[in-house]
Amino acid sequence: MKGVGALFALLLTSVVQAKYIVPGGRWQDTEGNLVNAHAGCIYFDKESEKFWLYGEYKIEGQEEGGGVSVYSSDDLGTWEPHGLALEPVEGHPYISTEHIIQRPKVVYSEESGQYHMWWHADNSTYGWLLQGFATSDTPAGPYEFVDAVAPLGNWSQDFGLFTDRKDGRSYALYSNGDSVEGRDVYLSSFNENVTALDEVVHRFDKFDLEAPTIIQTDQSYWALMSHKTGYRPNNVVGFRADKLEGPWSQPFIVSPLNTRTFNSQSGFSIRIDGTKKTTYLYVGDQWDSNSLWESRYIWLPVDINERKKTLEVQWHDIYDLNVKTGEWRGIKGKTYTTKSAKTAGNAFKQEANFATTGEIITGIYGNDSTVTFEGIEGTGKPQWVSFYYQNTDDMGFGDQPGGTPDRIGGAWQLRRISSVVVNGDTENVETLFQRDTHKGIILSTPLQLTLEKGTRNTITVGGLDNGWDFKGADLDRIVVYPPE
Ligand code: GLA
């Protein structure tokens, strides 16, 4: 009996306790697999009272055309997998594994009593630029393919969907390709049934942007979209308007300059109407073009000031979100700077006026040129640790002519991989992915580690092979967070 009671108590806490949201971490679903739903959407279903996450399903060897996966959650942190909502069909003219099935969005159609899925449907060379449409009686699917169409006769590439909370009307947002005649983003209303588009409400003319989403506050509409740099992130911009049809403001950058929106691309956003607070989340993707199936998620709170007409995406290594009250808080961690770090081999501390202590640890390489942070406090339970780093291997992506380093004989690298070892236990080497940054821009990647209880832990960072070299990125500091 006692055992059953304890089990019940355990189940109860696991239901009540929300998980932290950790942007850029390896997110695992309730079965221990990586959450595999890229560039998708989150739909809150009133009937099931759950958040449903849909996205592009990607695995090694099948990066496109994998179909649309679906997960459900009560807290936006714990994700239960439900397989594929839209499965690719061999030989199908629009949804075979040879096709592009990107940026799926789901909305409930009151008229049809069904869930409607829309996405960017294309051939493998992005030559068709269509919108795909499928329906299902349940949020999880399976969704049945209906059609793939050219919206109002136009092209449609990156696809977004927005439902106006004032009247329940849904809108499609889509960039119309890279051709000279394209390079716009359209905002078009759906018909009542959400089965076809009605009319163009606004055109973001010739800004050449993509990955659009709209956040609706009580006073404003905020459209967020990225520049077009493929799977490399850039500085996402926002526009503001009182009405969907405009006039819309000039675009403005939504995050600290040159962080490239904390190494992410826009694509979706959600509004959480809590009992105490309304919270807006930026729901972005951190693409990994070296291995797309390992791409991660950057979901961050958005700070909006209606008076100043500003919107900012704010970085937090970890935050705790209560989806019922709408409240969230950034979790406080303990910082260990270069002062608690000892270098070995050719790793050394170098002057860097942008770094926390005025110096950064560079020259981290392979097993021998390492840095060890000492005196780290742990709890004996898995804890998130954020590694703040700089990695300038892109040689100034966006600032160099042509955007590539080839002309100066370099190799353009997406990320370094560091080895992370706790308490000298080299049997267990963790891999820390460190995305490229602009020069002097410090970003962070989180890793979940188990430290021993007490204050005598060490964390040693070296360099692993990233396909080109064994360099670890330059380290500024690490921050150790309390367990969930
Ligand atoms: C951009 C788009 C993605 C995808 C890639 C392909 O990142 O936003 O949806 O189409 O390009 O390069």
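## A first tour

Start at Met 117, which stands opposite Ala 134 in β7. Keep in mind as you click around that this is a predicted model.

Now widen the selection to the two strands involved. Select residues 114-122 for strand β6 and residues 130-136 for strand β7. The two pair in the antiparallel sense, over 7 bridges. As a bit of background, strands of a sheet pair through backbone hydrogen bonds, either parallel or antiparallel.

Next, bring in the rest of that sheet. What is the order of its strands? It is an open sheet of 4 strands, running β5-β6-β7-β8, and the pairing is antiparallel. Color 100-109 and 144-149 to pick out β5 and β8, which stand at the edges. Each of these has a single partner strand, so one side of each is left without a neighbour in the sheet. Turn the view and look for the twist, which averages 25° from one strand to the next.

**Second stop: another sheet**

Zoom in on β1 and strand β2 (residues 50-56), which pair in the antiparallel sense over 6 bridges.

Which residues are around the ligand? Select Ala 39, Gln 102, Arg 103, Asp 158, Glu 210, Ala 211, Gly 230, Tyr 231 and Gln 265. The elements that give two or more residues to this shell are β5 and β13 (210-216). Color the shell by class and you get 3 nonpolar, 3 polar and 3 charged residues.

**Last stop: the two domains**

Zoom out and color the protein chain by domain: 19-330 is domain 1, and 334-480 is domain 2. How far apart do the C-alpha centres of the two lie? The answer is 31 Å.

To see where the domains meet, look for the 13 residues of domain 1 that are in contact with 16 residues of domain 2. On the domain 1 side, the residues that touch domain 2 are 3 nonpolar, 8 polar and 2 charged.

Note on methods:
Residues numbered from 1 in each chain as written. Predicted model: local features only at pLDDT ≥ 70, side-chain atom pairs only at ≥ 80, totals over all residues. Pairing = 2+ DSSP bridges. Axes fitted to C-alpha atoms, helices over the stretch in contact; angles between N-to-C directions. Near = placed C-beta within 6 Å. Nonpolar A, V, L, I, M, F, W, Y, C, P; charged D, E, K, R; others polar. Domains from an automatic or database assignment. Contact = placed C-beta atoms within 7 Å.
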